[in-house]
Amino acid sequence: MPELLRPRYWPSWVLVRIFRLMGLLPFPLLWALGMGVGHLGFLLAGSRRRVTLRNLEVCFPELPVSERKRLAALHFGYLGVAAFTQGLVWGGSRRRLGRIVRIRHRERFEALHQAGTNLILMVPHFVGLELGGAAFTALVHPGMYMYQKIRNPVINDQMRRGRSRFGAISIERSEDMRRMVREIRRGLPLFYLPDQDPGRRGIFSTFCGISVATVPMLSRLARLGRARVIPTYARYLPWGRGLELIFDPPLESFPTADELTDTAAMNRVIEDRIRTMPGQYFWVHRRFKTRPPGEPPIYEPKRRRPRAVTR
């Protein structure tokens with residue numbers, strides 16, 4: 001911790017303090033500010049705007065261009081809301097989280113958990129997942145999270161502290177998977193995010209009609225942990241009315257002995273939920289970056305800045 005107090009990290013601490021102070025504002029005001037800044041970001045963030053529009057083109061080819069642009073701008077608005085509500089994740093009390101977050105179909109989780117069933121919550125990358133995760137551990141049950149270390153150590157420390165405030169356990173992605181399996185078998189629910197591009201380490205499965213690199217880890221964890229999988233989603237409600245944490249019915253006949261079958265089933269479930277709230281999926285991620293051998297790239301190559309000429 002003393003290392004994080006060095007002067008070079010002071011700007012990061014100022015940013016943390018700003019976020020924490022914003023977390024004290026009324027939620028509808030946070031929603032309005034986030035939407036406004038997010039829409040401004042849509043106009044300014046050229047490369048991420050292009051990635052978002054390309055993802056929407058791939059996944060919703062039936063929509064007119066004007067509708068995809070509207071969805072992209074809305075998505076950036078929700079990204080702004082997620083940023084402005086980060087202070088709630090780091091410092092919101094149980095009581096305040098309970099006022100903001102509505103738990104939908106909690107009985108689907110409770111019935112299995114009370115029966116002693118090992119559980120994995122499959123949580124795709126919708127923009128409200130950080131606030132939804134905080135609400136889960138505060139209002140439903142302590143859980144376990146896999147996380148990717150952030151380069152900025154101050155922000156990384158705040159993220160870990162925020163996620164573990166109500167008894168949750170954080171496990172870094174590079175850690176031994178056996179620890180996660182042991183905790184699942186002991187009855188600790190795993191909050192698992194399955195849908196990012198893993199590069200060549202994944203397997204190719206269909207998502208939105210496109211062959212996409214996917215980590216088959218959900219199938220392995222469910223099999224090794226002897227666990228049921230409950231698809232779980234965080235959805236911001238319009239006009240600052242709060243956030244919903246939604247438990248869908250647990251996956252049936254999952255896992256099987258075939259990881260390809262399981263991964264395809266997982267992707268179909270995520271696709272179905274995306275279509276119910278298309279503006280809130282994490283479209284700024286280059287989900288289709290890794291292509292099967294011989295397939296053309298989905299995205300334009302990144303533009304490189306010209307090097308300065310030295311004489």
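This is a predicted model: local features need pLDDT of at least 70, side-chain atom pairs count only at pLDDT 80 or more; totals for chains, interfaces and linings use all residues.
## A sheet and its nonpolar cores

In β4, Ile-169 is the bridge partner of Met-144. Met-144 belongs to strand β3 (residues 144-147), which pairs with strand β4 (residues 169-172) in the parallel sense over four bridges.

**Around strand β3**
- Together with helix α9 (residues 153-163), β3 and β4 make a right-handed β-α-β unit.
- β3 is also joined to strand β5 (residues 190-192), by two bridges, and these two strands run parallel.
- Here Tyr-145 has Phe-191 in β5 as its bridge partner.

**The whole sheet**
- Strands of a sheet pair through backbone hydrogen bonds, either parallel or antiparallel.
- In this model, seven strands form an open sheet with mixed pairing, in the order β1-β9-β8-β2-β5-β3-β4.
- β1 (101-104) and β4 stand at the edges with a single partner strand each, so one side of each has no neighbour in the sheet.
- From one strand to the next, the twist averages 25°.
- Helix α11 (residues 217-225) packs on the sheet and touches β2 (118-122), β5 and β8 (227-236). The direction of α11 makes about 170° with that of β2.

**The nonpolar cores**
- The largest nonpolar core has 45 residues, and Phe-109, Leu-121 and Phe-136 are among those with the most contacts inside it.
- Helix α8 (residues 129-140) gives the most to this core, with seven residues.
- Leaving aside residues up to four places away in sequence, Phe-136 touches residues including Phe-109, Leu-121, Tyr-145 and Phe-191.
- A second, separate core has 44 residues, including Phe-76, Tyr-192, Val-229 and Met-266.

Methods. Residues are numbered from 1 along each chain as its sequence is written. Side-chain values use heavy atoms; hydrogens and water are left out. A nonpolar core is a set of buried Ala, Val, Leu, Ile, Met, Phe, Trp, Tyr and Cys residues joined through side-chain atoms within 4.5 Å. Buried means under 20% relative accessible area, exposed over 50%, partly exposed in between (1.4 Å probe, protein chains only). Contact means heavy atoms within 4.5 Å. Two strands pair if DSSP finds at least two bridges between them. A crossover is right-handed if, with the strands pointing away from the viewer, the path from the first strand over the helix to the second runs clockwise. Axes are lines fitted to C-alpha atoms, for helices over the stretch in contact, and angles run from 0 to 180 degrees between N-to-C directions.
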